[in-house]
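These are my notes on how the parts of this model meet. I went through the domains, then the chains, then the strands and a few backbone details.

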Amino acid sequence: MKKELKLMKGNEAIGEAAIRAGADAYFGYPITPQSEILEYLMAEKPHERTGMVVLQAESEVAAINMVYGGAACGRKIITSSSSPGISLKQEGLSYIAGSELPCLVVNVVRGGPGLGTIQPSQSDYFQACKGGGHGDYRLIVLAPSSVQEMYDFVKLGFDLAFKYRNPAMILTDGALGQMMEKVWLEEQQPRMNEFPEWATTGKKPGKERTVVTSLDLDSAMQEKFNQKLQEKYRELEAKEVRYEAIDCDDAEYLLVAYGTSSRICQKSVQLAREKGIKLGLLRPITLYPFPKKEIGEMCGRLKGILSVEMSAGQMVEDVRLSVDGKVKVDHFGRMGGIIPSAEEIVNALEQKIIGG
Amino acid sequence: MSQQTENNDIVKEENLVFKKTNVLLDKVMHYCPGCGHGTAHRLIAEVIEEMDIQSECIGITPVGCSVLMYNYLDIDMQEAAHGRAPALATAIKRLQPEKFVFTYQGDGDLAAIGTAETIHAANRGENFTIFFINNGIYGMTGGQMAPTTLPNMKSSTSPYGRDVKMMGNPLKMTELVAQLPGSYYVTRQAVHTPAAVRKAKKAIRKAIENQKLEKGLSLVEIVSNCNSGWKMTPLQSNKWMEENMFPFYELGDLKVDGGMAK
Ligand SMILES: Cc1ncc(C[n+]2csc(CCOP(=O)(O)OP(=O)(O)O)c2C)c(N)n1
């Protein structure tokens with residue numbers, strides 16, 4: 001039941017969504033372009049609204065390890081940062097995945113490498129979707145393309161994280177974090193008052209104690225655990241793929257784009273169709289699991305695919321794997337915080353795919 | 001056989017002078033014979049039993065020799081990333097303030113890689129307990145120099161002795177923590193003699209009981225030996241510890257009930 005309509009920044013929507021989803025804690029450290037999440041939460045006094053804990057940590061390393069501690073208690077924990085800070089969180093994320101704990105991480109991506117720029121970018125796709133930290137693990141990666149989805153994916157992210165006992169990430173960027181749009185807010189969800197049996201809530205008399213660890217010095221056991229993780233990822237790939245197909249039914253050419261670039265691509269589809277080019281757009285909503293099968297099935301009727309990203313070309317590798325050589329795939333992107341224009345994208349399509 | 005019968009006659013409740021606490025599981029510890037970790041574990045377990053808080057405790061193990069402490073204590077435990085135990089404990093205690101939360105950390109864990117987490121948890125006045133085992137060396141990884149390694153002390157990465165000009169000075173984290181307004185009880189103990197064990201146990205109990213007061217962080221440093229890392233017999237290592245570690249890491253209370261002791 002949707003209740004209130006509000007004009008909000010993407011970052012604020014994340015903060016409000018966390019409170020309303022019944023999150024138990026947020027731990028974070030300031031970094032542009034996402035500091036409004038922590039600022040919004042502090043201003044909202046969530047300890048008074050729901051009893052939610054909000055704490056500014058001494059670093060992103062501390063913040064993600066607070067998340068690790070809180071997640072082990074069976075609580076709903078969220079953290080957010082932007083690219084350099086997310087790099088610092090990788091060891092912690094690996095521990096969380098390796099201990100099979102749920103949590104939600106928001107990456108409001110800025111351009112890199114290094115300190116880079118505070119302008120929006122999509123150059124953290126590899127880090128988000130291919131592991132990021134050490135070891136064979138995956139994050140569930142959600143890519144919103146509107147402020148409404150920034151809001152909605154907080155609840156979705158928590159639900160998936162708890163269902164699969166795996167960290168989930170909202171991979172967004174500075175443009176979506178900073179833009180204002182209207183958002184339908186859902187009713188306040190109560191915080192949990194019962195906790196899963198795997199949570200460290202104190203050893204119950206007569207029951208086994210709970211130990212949360214990612215360590216197993218016995219290689220055979222460690223391999224077995226890894227196999228179990230892989231089974232979980234296969235299940236995610238089978239059941240949780242989400243995407244949006246726009247003008248794809250009669251399409252001869254396809255753009256694949258997520259988040260901010262998918263918004264520009266919608267305009268490119270319009271412009272191309274005005275020129276008589278039958279262009280469609282596939283927008284992955286889950287970047288992991290990637291809509292591999294869906295793109296693979298579609299590519300039989302396509303003449304070419306252009307992957308559009310604000311990066312040097314990262315998702316394009318997954319698009320290529322999806323079509324398995326059956327159709328031409330190329331990449332177009334801008335870097336360093338530059339958002340491509342709709343016209344640029346149509347030009348690139350004509351040059352790289354149609355003309356090429 | 002007759003010997004057995006005789007023993008059974010003696011093993012009576014009223015004759016018992018020592019009984020292993022139930023909070024300690026029946027498992028062979030992996031520690032080197034002579035190491036202080038086992039004694040420190042036992043004291044914490046005994047205090048948990050005596051306070052009757054087994055079902056209310058959550059302990060955090062570090063990365064270091066004591067990483068497997070969760071195999072020995074019959075309480076809920078979580079294994080942290082190297083140095084980050086105070087960050088985990090911060091969240092756990094804030095989410096479950098009615099529980100007793102402690103970290104157990106080595107000197108590399110607490111005073112090198114985890115310096116920021118230790119200082120900031122203390123400075124925020126987090127209401128949990130830190131047990132800090134200072135053996136002056138990285139035990140688990142094979143005897144490398146620790147932030148606490150004494151000047152001129154040999155380790156595998158200071159094979160000619162710690163040259164403070166080149167390698168820096170040993171760090172007294174406990175003194176640093178005592179300076180911070182958020183710490184409430186800070187003490188330095190040892191577990192190498194029966195007298196020291198008795199004192200250490202009192203300190204451990206006080207450090208856990210303090211959580212009921214909600215007055216801030218309690219930290220118990222235990223200066224300990226690492227006979228294999230120091231390349232000594234257990235007896236030699238205890239003597240060496242008394243002669244070299246104690247003059248530098250002076251035993252006793254640094255801060256009691258929020259006030260500086262010295
Ligand atoms: C991020 C990271 N860096 C390094 C290590 C390797 N490592 C494991 S234990 C350890 C040192 C532990 O020494 P200390 O904290 O003094 O504890 P002790 O083993 O002496 O009890 C190191 C460096 C690691 N596991 N993780």
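I take buried area as the accessible area (1.4 Å probe) that two parts lose on being put together, summed over both. The model is predicted, and I kept to pLDDT of at least 70 for local features and 80 or more for side-chain atom pairs, while totals for chains, interfaces and linings use all residues. Residues are numbered from 1 along each chain as its sequence is written, chains are lettered from A and ligands numbered from 1 in the order in which they are written, and side-chain values use heavy atoms, with hydrogens and water left out.

**Entry 1: the two domains of chain A**

I looked up the domain assignment of chain A, which gives domain 1 as 4-190 + 228-238 and domain 2 as 244-354. Such bounds come from an automatic or database domain assignment. Taken over C-alpha atoms, the centres of domain 1 of chain A and domain 2 of chain A are 26 Å apart.

I then computed the area buried between these two domains of chain A and got about 2300 Å², with 53% from carbon and sulfur atoms. Gln122(A), Tyr125(A) and Phe126(A) supply 32% of what domain 1 of chain A buries against domain 2 of chain A, more than any other three residues. By contact (heavy atoms within 4.5 Å), 32 residues of domain 1 of chain A meet 27 residues of domain 2 of chain A.

For salt bridges I used a side-chain nitrogen of Lys or Arg within 4 Å of a carboxyl oxygen of Asp or Glu. I noted the pair Glu149(A) and Arg283(A), at 2.8 Å, N to O.

For polar contacts I used a pair of N or O atoms within 3.5 Å; within protein, one must be able to donate a hydrogen and the other to accept it, and residues adjacent in sequence count only if both atoms are side-chain atoms. Between domain 1 of chain A and domain 2 of chain A, 19 residue pairs are in polar contact, both residues at pLDDT 80 or more.

Which elements supply the side of domain 1 of chain A that touches domain 2 of chain A? Those giving at least two residues each are α7 (125-129), β6 (140-142), α8 (147-164), β7 (167-173), α9 (174-178) and α10 (219-239) of chain A. Helices (H or I, at least four residues) and strands (E, at least two) are DSSP runs, numbered from the N terminus. The largest share of this side of domain 1 of chain A, four residues, is from α10(A).

**Entry 2: chain A against chain B**

I found 34 residues of chain A in contact with 36 residues of chain B. The area buried between chain A and chain B is about 2700 Å², and carbon and sulfur atoms give 58% of it. Glu58(A), Lys203(A) and Arg209(A) supply 24% of the area chain A buries against chain B, more than any other three residues.

I counted two salt bridges between chain A and chain B. Asp74(B) and Lys203(A) form a salt bridge at 3.4 Å, N to O. Polar contacts across the interface of chain A and chain B come to 15 residue pairs, both at pLDDT 80 or more. On the side of chain A that touches chain B, α4(A) gives the largest share, eight residues.

**Entry 3: a sheet across the chains**

I called two strands paired if DSSP finds at least two bridges between them. β9(A) pairs with β2 (residues 76-79) of chain B in the parallel sense over two bridges. Val212(A) has Gln78(B) as its bridge partner in β2(B).

I followed the open sheet of nine strands in the order β9(A)-β2(B)-β1(B)-β3(B)-β4(B)-β8(B)-β7(B)-β9(B)-β10(B), with mixed pairing. Its edge strands are β9 of chain A and β10 (259-260) of chain B, each pairing on one side only. β4 (residues 129-134) and β8 (residues 217-223) of chain B pair in the parallel sense over six bridges. There Ile130(B) stands opposite Leu219(B) in β8(B).

**Entry 4: backbone details of chain A**

I noted a cis peptide bond between Thr32(A) and Pro33(A), with omega about 5°. Pro33(A) is in the loop between β2 and α2 (35-44) of chain A. Another cis peptide bond joins Gly112(A) and Pro113(A), with omega about 0°. Pro113(A) lies in the loop between β5 (103-109) and α7 of chain A.
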